[in-house]
Amino acid sequence: MQKIIAQCQKELAQFRRDRLTLALAFLLPMITLLIYGFALRLESSNIPLIVQDFDRTNLSSIYIERLYATNQFVPTQWTQADSISNAIDRGIAKAAVIIPAKFTRDIQAHKNTTVQILIDATDVNNARVIRNSIQNVNNFFIQEQGLVTLTNTIKPQIRLWFNPGRLESLFFVPGVYGVVLWIYPSLLTAIAMVREKERGTIIQAYASSISAVEFLLGKGLAYLLIAITEAVLVIVIASLIFQISLVGDIINLSLGTLLFLIDSVLFGLLLGIRSSDQNSAVQGVSLIGFVTSLMLSGFMYPLSNIPFPISLVPNIIPARYYMEITRDAFVRGIGWRGTWFNLLMLAIFGLIIFRICHNMLKKMQLPQ
């Protein structure tokens, strides 16, 4: 144990002397948190919309007001001389609503009337949002004007659980924890491991009486303490800025965070052992760690949308399981019965990565 503590103290002393590493450990995670927390949004807003009203009556004006009252659409600059299709082709507008000349007359005569809607479906998700929003406006307008027939007797009452206000920060920010706490602890550890190779100081460890397990535990413990400090800062600052409160079990969250940070540090050690210089270590973290934790963990898109066989990859990504723990802790609040499997998987990943690191480092040590 004395060897492990000595190795840990050496790593912490080297860490304190390097200002760049200090910035990488504490400043960049905060910047990443703020960028992802504020910038990433799945719900579309400020969608440029063109409305061409051939009826020009009070009823058609009310219909147009209801469209813009959703706060999703904004009127866009458009001249009558330019065609609507051309405006959509050039990206001036994402959608257009064309109200026919007999709009009010047909409604008052209890006849069917057609409102033409053109949508730019380049972005499929955005097109779906536009279509649903216009359909909801149309249904509301029909009810408001008393145009619902007697056959429409089913009126659904919808209740949103866990996030009734549809705050996207409740979805994104707990997911950001998984991205930030996977990238930066592993990056710091990988750079520290490679730096030992570049400076030649790792030869002293190979030639000394310290074992591979003691070396890994000592170096890993130092960067685990740094990672825990990062996690506390990130979670506390995010809770204050984005007004996110804990609704689940704090012990469950703490244990899951600890297991996840252990996996992150061990992943950094693994990349550091395999890399020959700092550039390759950074590229490894960026390619393997960043891309997978961002795109294949459920951070932004549902895992069910990933096609086979790529859908198998998220099963071996620790960030995927940690995000389910954080989203349960800050959104659902189910607790142990909903996250025990994720905790188990994080523990298994830690044992597997440690075993791989030990086998690789044991081969590199000089015989005593």
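I take helix axes as lines fitted to C-alpha atoms over the stretch in contact, with angles that run from 0 to 180 degrees between N-to-C directions. I looked at a predicted model, in which local features need pLDDT of at least 70, side-chain atom pairs count only at pLDDT 80 or more, and totals for chains, interfaces and linings use all residues. I number residues from 1 along each chain as its sequence is written, and my side-chain values use heavy atoms, with hydrogens and water left out.

**Helix α7 and its partners**

I began with α7 and α10, which pack at an angle of about 35° with their axes 7 Å apart; helices here are DSSP runs (H or I, at least four residues) and strands likewise (E, at least two), numbered from the N terminus. I noted that α7 passes α10 in a right-handed crossing, the term for a near helix turned clockwise from the far one by less than a right angle, with anticlockwise giving a left-handed one. By class, I found 13 nonpolar, seven polar and three charged residues in the contact of α7 with α10; Ala, Val, Leu, Ile, Met, Phe, Trp, Tyr, Cys and Pro count as nonpolar, Asp, Glu, Lys and Arg as charged, and the others, Gly among them, as polar.

I then turned to α7 (residues 169-199) and α9 (residues 212-242), whose axes come within 10 Å and cross at roughly 150°. That makes α7 roughly antiparallel to α9, since angles over 145 degrees count as roughly antiparallel, under 35 as roughly parallel, 65 to 115 as roughly perpendicular and the rest as oblique. α7 passes α9 in a right-handed crossing, and by class I recorded 18 nonpolar, three polar and three charged residues in that contact. Among the residues that meet (contact means heavy atoms within 4.5 Å), I listed Tyr177, Leu188 and Ala192 in α7, and Tyr223, Ile226 and Val234 in α9.

**Nonpolar cores**

I looked next for cores, each a set of buried Ala, Val, Leu, Ile, Met, Phe, Trp, Tyr and Cys residues joined through side-chain atoms within 4.5 Å; buried means under 20% relative accessible area, exposed over 50%, and partly exposed in between, with a 1.4 Å probe and protein chains only. The largest nonpolar core has 62 residues, of which Leu33, Tyr177, Tyr223 and Phe299 touch the most other members. The elements that give two or more residues to this core include α1 (2-17), α2 (19-39) and α13 (336-364), and the largest share, 17 residues, comes from α7. Leaving aside its neighbours within four places in sequence, I found tyrosine 223 in contact with Glu11, Phe15, Leu188, Thr189, Ala192 and Val265. A second, separate core of 19 residues includes Leu59, Ile62, Ala95 and Val97.

**Loop residues**

I placed methionine 300 in the loop between α11 and α12, where it is buried, with a relative accessible area of 14%. Its C-alpha atom is separated by 8.3 Å from that of glycine 175, 125 residues apart along the chain. Proline 309 also lies in the loop between α11 and α12, and a cis peptide bond joins phenylalanine 308 to proline 309, with omega about 5°.

I checked arginine 56, in the loop between β1 (47-53) and α3 (58-68), which has a positive phi of about 55° although it is not a glycine and counts as exposed at 67% relative accessibility. Glutamine 243, in the loop between α9 and α10, likewise has a positive phi of about 55° without being a glycine, and I noted glutamine 243 as exposed at 67% relative accessibility.
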